[in-house]
Amino acid sequence: MLKGKTALITGGARGIGAAITAALAAQGANVAVIYTGSQEKAEALCAQCAQDHGVQAQAYQCDVADFAAAKAVVAQVKKDFGAVDVLVNNAGITQDGLLAMMKEESFDRVLDVDLKGAFNFIRHCTPLFLRQKGGAIVNITSVSGMIGNPGQANYSAAKAGLIGLTKAVAKELAPKGITCNAVAPGFIATDMTRDLAGQDNALLAAIPLGRMGQPQEVAQAVAFLATAPYITGEVLRVDGGIAM
Ligand code: NDP
């Protein structure tokens with residue numbers, strides 16, 4: 001369904017992002033994988049996607065929070081692949097802490113990566129989408145941005161902001177045939193939640209489906225929204241029911 005299309009995935013080398021990269025490549029998409037530190041993983045995943053699915057796959061280093069660097073990397077991907085058809089804003093960090101002790105830098109950095117990072121890539125891909133008269137954007141938000149989470153004032157604010165960004169962009173670009181949706185994962189087993197995995201019982205009891213999710217289960221939702229021409233402005237929870 002994505003054969004011949006190009007997907008750019010931020011943070012696409014590990015965790016949920018790696019599953020998204022693999023899922024889109026499995027649907028025939030060429031993949032541009034953006035990483036900050038995971039060069040080896042990014043290159044290995046690209047080689048795997050090319051081998052398994054015969055797609056073009058290339059890794060690019062970029063801090064998504066850097067507006068100018070994002071502009072340069074989008075231009076490079078356009079040069080290398082000829083187009084960007086699907087943008088997945090997946091890169092994200094947490095710097096949890098109680099509000100009374102949260103450092104200004106922690107608030108700023110999480111907003112810069114999780115919210116401004118998505119803006120940066122949407123901003124620089126949009127001119128391409130407008131020229132192509134189409135495109136699909138999928139932003140990875142979080143149930144923390146929908147219901148709030150103690151100890152995550154910065155992260156919840158960033159992820160709630162990402163939902164607002166998703167809806168504004170969806171309305172603004174809909175007349176141009178460009179969709180913009182969000183996926184809101186709950187607790188997914190990745191490096192980000194490694195520390196939580198030990199608190200099994202309380203955590204699992206709060207999840208109606210009784211288990212943490214897998215990155216592939218989020219990737220499935222992303223692949224769906226990336227290929228759903230009549231859905232825009234939607235926030236799709238992939239959370240085992242925790243935020244219903
Ligand atoms: P991981 O910590 O496993 O991976 C984070 C990814 O983001 C890595 O690929 C990392 O790149 C990338 N990244 C971080 N900072 C930057 C940056 N400044 N510039 C570019 N890339 C960056 O997290 P997950 O896979 O768990 O999370 C992926 C997304 O899903 C995030 O947006 C997260 O907020 C969201 N999410 C996750 C949930 C979970 O339970 N795991 C729940 C809800 C939402 P690199 O490898 O190069 O460092």
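Q: How many cavities of 30 Å³ or more does the count come to?
A: This is a predicted model, in which local features need pLDDT of at least 70, side-chain atom pairs count only at pLDDT 80 or more, and totals for chains, interfaces and linings use all residues. Residues are numbered from 1 along each chain as its sequence is written, and side-chain values use heavy atoms, with hydrogens and water left out. On a 1 Å grid over the protein atoms alone, a cavity is a set of points where a 1.4 Å probe fits but cannot get out. By this rule, the count is one.

Q: Which element gives the most to the lining of the largest cavity?
A: Lining residues have an atom within 4 Å of a point. Among those around the largest cavity are Thr10, Asn89, Asp114 and Lys159. Two elements give two or more residues to this lining, α4 (104-132) and α6 (153-173); helices are DSSP runs of H or I with at least four residues, strands are runs of E with at least two, and both are numbered from the N terminus. With four residues, the most comes from α4.

Q: How much of the ligand's area does the protein bury?
A: A polar backbone atom of Gly92 is 3.4 Å from an oxygen atom of the ligand. Taken alone, the ligand exposes 900 Å² (Shrake-Rupley method, 1.4 Å probe). The protein buries 94% of that.

Q: What is the volume of the largest pocket?
A: A pocket is an open set with protein on both sides within 12 Å along at least five of seven lines. The largest one is lined by 45 residues, with Gly92 and Tyr155 among those nearest its centre. A volume is the space filled by probe spheres set on the grid points, which are joined across faces, edges and corners. For this pocket it is about 1100 Å³.

Q: Is Lys133 buried or exposed?
A: Lys133 sits in the loop between α4 and β5 (135-140). Its phi is positive, near 60°, and it is not a glycine. Buried means under 20% relative accessible area, exposed over 50%, partly exposed in between. Lys133 has 69%, so it is exposed.

Note on methods: Buried means under 20% relative accessible area, exposed over 50%, partly exposed in between (1.4 Å probe, protein chains only). A polar contact is a pair of N or O atoms within 3.5 Å; within protein, one must be able to donate a hydrogen and the other to accept it, and residues adjacent in sequence count only if both atoms are side-chain atoms.
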